[in-house]
Amino acid sequence: MAEEYGPTGRVMPHFPEAPPRKPGPATVISMCNQKGGVGKTTTTISLGAALVEVGRKVLLIDFDPQGSLTVGLGYNAHELDQSIYHVLMDRSLGLKDIIVETTVPGLDLAPANIDLSAAEMQLVTEVGREQALARAIHAVRDDYDVIIIDCQPSLGLLTVNALTASDGVVIPLECEYFALRGVALLKETVEKVCERTNPRLEIIGLLGTMYDSRTLHGREVLQTLVQGWGDLVFHTVIRRTVKFSDSTVAGEPITEYAPTSPGAEAYRQLAREVLVRCPAM
Ligand code: ADP
Ligand code: MG
């Protein structure tokens with residue numbers, strides 16, 4: 001078979017069909033980049049839904065006070081009685097008490113809204129302030145195969161909590177100049193968390209998003225990314241398409257809203273690529 005070069009300029013490997021799920025606690029992934037608008041929330045929803053299609057039970061945790069994940073899955077963030085904020089602040093309340101179902105069977109959500117912005121301040125004075133989310137997740141790890149945390153665009157205490165609770169980090173990056181700025185700082189944060197609160201944390205991969213194959217600079221950004229980060233860069237690249245904002249308005253993952261679209265297919269491929277990198281999933 002002829003070799004095929006992918007958008008990152010490397011030969012595109014074949015990603016096997018997802019193996020059957022294995023028993024054991026969930027793999028926890030943080031979707032992280034301190035820059036906003038790079039595709040964290042979109043990737044959290046779409047990757048989560050693609051993993052459900054291959055038999056995984058998935059929990060998505062909204063850990064951004066903007067509540068975009070909550071809204072993207074069809075909930076009104078202003079009308080939540082209880083959210084992840086209450087779990088962080090009230091030890092008698094567990095994640096189980098606030099988890100809701102989504103339109104996709106097997107895909108659950110721990111919702112958030114603007115209340116969460118107060119948690120950062122309130123946690124600062126607590127002992128074990130970096131471990132608050134990890135403690136909450138511990139109680140539901142056996143109920144899921146994969147847990148994905150949608151981080152806020154900052155490297156503050158909430159994101160440190162997410163990293164402390166995670167096995168791995170996925171870093172979405174817009175395929176634009178300047179996208180690479182800040183990734184070094186994020187890597188430093190991951191290393192610090194590794195040293196101080198969570199030695200098992202690893203970077204799973206960097207994901208190029210909003211890629212436009214018609215422009216030279218999209219390709220150049222991907223090439224620069226591969227030069228700097230090598231095999232950490234996912235072969236899968238997500239193209240720019242309005243289908244993603246349309247599916248947000250519909251409150252559904254793209255795999256449901258436009259199941260045969262290239263965007264849905266790209267996230268299915270990403271799910272297979274992530275499963276190769278995280279064999280415990
Ligand atoms: P973040 O969570 O990093 O802030 P989002 O996932 O919310 O980023 O994406 C920011 C905006 O870009 C949203 O309006 C989303 O619908 C849109 N978007 C995300 N991915 C793509 C893509 N591949 N193509 C086009 N638009 C996208
Ligand atoms: Mg977001």
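A: Let's start with charge: the 25 positive and 35 negative charges of the chain have mean positions 5 Å apart (Lys and Arg against Asp and Glu, leaving out His and the chain ends; each placed at NZ, CZ, CG or CD, respectively). This is a predicted model, where local features need pLDDT of at least 70 and side-chain atom pairs pLDDT 80 or more, while totals for chains, interfaces and linings use all residues. Residues are numbered from 1 along each chain as written, chains are lettered from A and ligands numbered from 1 in written order, and side-chain values use heavy atoms, without hydrogens or water.

Now for the spot itself, Asp-108. Asp-108 sits in strand 4, residues 107-110 (a DSSP E run of at least two residues, numbered from the N terminus). Asp-108 counts as buried because its relative accessibility is 10% (the cut-off is under 20%, with a 1.4 Å probe and protein chains only). Across the whole chain, 52% of the 281 residues count as buried too.

Who are the neighbours? Leaving aside residues up to four places away in sequence, Asp-108 touches Lys-57, Val-58, Leu-59, Leu-60, Ile-99, Val-100, Glu-101, Thr-102 and Tyr-144 (heavy atoms within 4.5 Å). Take Leu-59: 49 residues away along the chain, yet its C-alpha is 4.7 Å from that of Asp-108. With Tyr-144, the Asp-108 side chain makes a side-chain polar contact at 2.7 Å (N or O atoms within 3.5 Å, one able to donate a hydrogen and the other to accept it).

Zooming back out, the C-alpha atoms fill a box of roughly 60 × 35 × 35 Å along the principal axes.

Technical notes. Buried < 20%, exposed > 50% of the residue type's maximum accessible area, 1.4 Å probe, protein only. Helix = DSSP H or I, 4+ residues; strand = E, 2+ residues; numbered from the N terminus.
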